[in-house]
Amino acid sequence: MASVNFPQHTGPNRSSSTSPNGNKSQAIPKLMPRSRRKSAASAPADPVPETPLLPPPPQLDSVQFKTPVKRILSPADHEKFLASPTYTLIRSWIFTLADCVEGRPSSSLDLSTVSAEIRRLDAALDVIKKLLERYPPLDTGSRFGNPVFRDLHKAIVRDVERLHEEELDLQNKAAIQEISVYLINSFGSEERLDYGSGHELNFMMWLLCLYQLGEIRREDLPAIVMHTFTQYLDLMRKIQSMYYLEPAGSHGVWGLDDYQFLPFLFGASQLIGHPYITPKSIHNNVILDEEGDKYIYLNQVRWVDSVKTVKGLRWHSPMLDDISGAKSWQKVEDGMRKMFVKEVLGKLPIMQHFLFGGLIPGTEDMGQLDPETLRLQEERMSHVKEKGHEPDYWGDCCGIKVPSTVAAGEEMRKRMGTLGALRPIPFD
């Protein structure tokens, strides 16, 4: 997995010596610190992915709207995607969003001056928030997904087209039907009762579709990250706390967090050049409390640590703990870019679930599932379920259900009768 360069721990520097019988072949070799080891075969560091130029929205009369479907069905299809304009478009969209908030705290955004487009996005998310009130979860006492989430998900599907018409003021029926699929897939799986970084990516593709439709302007991009995206994160935290959605994988696709990735990319960009907050500052609770509302990265770390049953990043989020040893936020952001390109867009087990439509198109020669293949796939899924296992959609955790970490903390606090209970710290 691509990552930032973490500090390396080295063992004692023991000198070479000769064994008591004088046999130098038995001598203990001198151990050099890792930082001094040189290997002719060592590969140079991968270059940091640059931000491709974000193209203007296409002429809509050139777009053939269609229901988004999976098109990456083989390694050959994946290679075609990596060489396609859509691959460049996705990189450009995500990295441009990161660039536009570089060095900017979220508090620098004046909400009284945001555009009408951003306010319409607020209204759309508010519709989803209000649905939560109509579908309170059952008190099952289980740490696995709450079945009432299926009712919420069905309500989102039922209302999603009306949401686009009334709140976003879209009139093109074909466009609404296409982009609605991305929004529906932004909130988790009705069938599996799980949520992961792939669902988060669907939300960003929904926003990209709105940009492609001309409903988001370039000057709106900082607000998209520092306001709209954070509103989505807050909404997903409410959904997690209520319905205990399971991670869509063993520990998140990228290993940073059970559910999210982009807060760490956008958040690292915000902190580049900060005069006193360093990567190690994520271990300082005072800084997390005082600055967490200003910076997405700190806010996400604060949330992750608050929902775990064990205190301390080194115990529940070792990768975040390692990253905190980076020299600067620029190094962290560079590493996050590499991870997005290599571990997301560059991995077939992840991208086989990506959806392509008219606004985010696949290439003409990329695969499509024919009706017979779809029928056989559905039969296989039904057979797997009959045996009592969840189908392994994501290819990274053997189909074994993983309980929600949010649920574990919530259920523990319920049993202890307090929301501020001390959490045990393991022995070192």
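Q: How far apart are the closest N and O atoms of the salt bridge between Arg158 and Asp159?
A: In this predicted model, local features need pLDDT of at least 70 and side-chain atom pairs pLDDT 80 or more, while totals for chains, interfaces and linings use all residues. Residues are numbered from 1 along each chain as its sequence is written, and side-chain values use heavy atoms, without hydrogens and water. A salt bridge is a side-chain nitrogen of Lys or Arg within 4 Å of a carboxyl oxygen of Asp or Glu. For Arg158 and Asp159 the closest N and O atoms are separated by 3.1 Å.

Q: Is Asp159 buried or exposed?
A: Buried means under 20% relative accessible area, exposed over 50%, and partly exposed in between (1.4 Å probe, protein chains only). Asp159 has a relative accessibility of 9%, so it counts as buried.

Q: Which helix holds both Arg237 and Asp234?
A: These residues form a salt bridge with closest N and O atoms 3.7 Å apart. Arg237 is buried at 13% relative accessibility, whereas Asp234 is partly exposed at 32%. They sit three residues apart, about one turn, in residues 221-243, helix H7.

Q: Which residue forms a salt bridge with Glu219?
A: Glu219 is exposed, at 55% relative accessible area. A network of salt bridges links Glu219 with Glu117, Arg120, Arg217 and Asp220. The closest N and O atoms in the bridge are 3.5 Å apart, and the partner of Glu219 is Arg217.

Q: How many salt bridges does the rule give?
A: The pair Arg158 and Asp159 is a salt bridge, as is the pair Arg237 and Asp234. By the rule, the count is 19.

Note on methods
Helices (H or I, at least four residues) and strands (E, at least two) are DSSP runs, numbered from the N terminus.
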